[in-house]
Structures are given as C-alpha cells and as structure tokens.
Amino acid sequence: MNGGCFCGFVRYEVGGVPTEKTTCHCSICRRTTGAPHVTWFTVRRDAFSVTAGTPATFRSSDHAVRSFCPRCGTQLSFASSRFPDEIDVTVCSLDDPGAVPPTDHTFAASRMSWDLICDGLRAYPERRPR
Ligand SMILES: [Zn+2]
Ligand SMILES: [Zn+2]
C-alpha cells in the first residue's frame with residue numbers, strides 16, 4: 001500500500017498484513033491532530049518506508065514518537081519504544097483508506113461524550129489487550 005501527507009511532500013510505502021486496525025480516542029491523538037479520534041493500523045516497523053520527503057517528528061509521551069509532514073502537518077506514524085518491532089500508521093494517510101477499515105476502538109473511556117461509537121465494533125476502555 002502507498003500513502004502520504006495532504007500536500008504530497010511525504011510519501012510512504014507499507015507492506016505486510018496489518019496486525020491491528022483501531023480507532024483511538026485517547027487525549028494525545030485528539031490534541032496532536034485536533035480531531036476527536038484517529039484510526040491507526042499496525043505493521044512491522046521494517047514494513048514501513050518513506051519513499052519521498054522527510055517527515056518531522058516529535059515525542060508525544062515518554063515512550064512514543066510521532067511523525068508528520070513538516071509542510072502540511074498531516075500526522076503519519078506512531079512508534080513506541082514499548083513495541084520496538086511495530087509502527088502504527090494513520091489509516092487516512094493511505095491513498096486508499098477504505099482498504100483498511102478499523103476492527104475496534106481503543107481508549108474509549110477517554111472519548112468525547114458526543115463522539116458516539118455506534119458502528120458495532122468492540123470498544124476497549126484503554127489499550128487494546130495483546
Ligand atoms: Zn505534506
Ligand atoms: Zn491515541
């Protein structure tokens with residue numbers, strides 16, 4: 001699969017089969033995107049490669065680094081030192097986000113009261129159990 005940021009400066013390629021596909025309602029996803037939730041998919045870290053441009057990064061918590069386009073701000077990836085072999089990628093930065101629908105919700109306990117979960121998918125109050 002291929003994806004990239006809104007302006008086209010950063011492009012990436014991702015392979016393999018996603019191991020998780022979740023919509024995250026945590027406050028960090030909210031505050032770093034300005035959106036009520038963010039849908040992510042997880043792949044092996046070596047299956048993700050940037051093919052054009054250079055993303056910028058910032059540390060969003062003691063264990064995690066997020067990348068984004070330095071020109072347009074699109075958030076692209078999340079990498080945690082707790083899961084060094086994995087990387088999470090934003091579903092909606094894919095060229096075809098419809099190809100990776102979420103299977104559950106995480107950090108649902110943190111969701112905005114008006115951000116209703118009514119898709120029938122399982123909602124984990126916090127992190128999805130592994
Ligand atoms: Zn961009
Ligand atoms: Zn989150």
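Start by selecting tyrosine 12 and phenylalanine 48: both are buried, meaning under 20% relative accessible area, where exposed is over 50% and partly exposed lies in between (1.4 Å probe, protein chains only).

A quick note before moving on. You're looking at a predicted model, where local features need pLDDT of at least 70 and side-chain atom pairs count only at pLDDT 80 or more, while totals for chains, interfaces and linings use all residues. Residues are numbered from 1 along each chain as its sequence is written, chains are lettered from A and ligands numbered from 1 in the order in which they are written, and side-chain values use heavy atoms, with hydrogens and water left out.

Keep those two rings on screen. The structure holds 3 aromatic pairs (rings of Phe, Tyr and Trp, using the six-membered ring of Trp, with centres within 6.5 Å; planes under 30 degrees apart are stacked, over 60 edge-to-face, the rest tilted). Tyrosine 12 and phenylalanine 48 make a tilted one, 5.1 Å centre to centre with 40° between the planes. Their pair ties together distant parts of the chain, from strand β2 (residues 11-14) to strand β5 (residues 48-52), 36 residues apart. Strands here are DSSP runs of E, at least two residues long, numbered from the N terminus.

With Tyr12, they have the most contacts inside the largest nonpolar core, which has 16 residues. Such a core is a set of buried Ala, Val, Leu, Ile, Met, Phe, Trp, Tyr and Cys residues joined through side-chain atoms within 4.5 Å. Strands β2, β4 (38-44), β8 (75-80) and β9 (86-90) each give it two or more residues.

Now click on the zinc ion (ligand 1). Which residues are its protein donors? They are Cys5, Cys7, Cys69 and Cys72, each through SG, 2.3 to 2.4 Å away. Donors are N, O and S atoms within 2.8 Å of the metal (3.2 Å for Na, K and Ca); water is not among the atoms, so sites may look incomplete. The arrangement is tetrahedral because the 4 donor atoms subtend angles of 103 to 113°, and the cut-off for four donors is all angles between 85 and 135 degrees. Cysteine 69 counts as buried, at 1% relative accessibility, whereas cysteine 72 is partly exposed at 30%.

Last stop: select arginine 71 and phenylalanine 9. The charged end of arginine 71 sits over the phenylalanine 9 ring, 3.7 Å from its centre (the rule is NZ of Lys or CZ of Arg within 6 Å of the ring centre and within 35 degrees of the ring normal).

Conventions: Four donors count as tetrahedral if all angles lie between 85 and 135 degrees; four count as square planar and six as octahedral if opposite donors are over 155 degrees apart and all others between 65 and 115; anything else is irregular. Helices (H or I, at least four residues) and strands (E, at least two) are DSSP runs, numbered from the N terminus.
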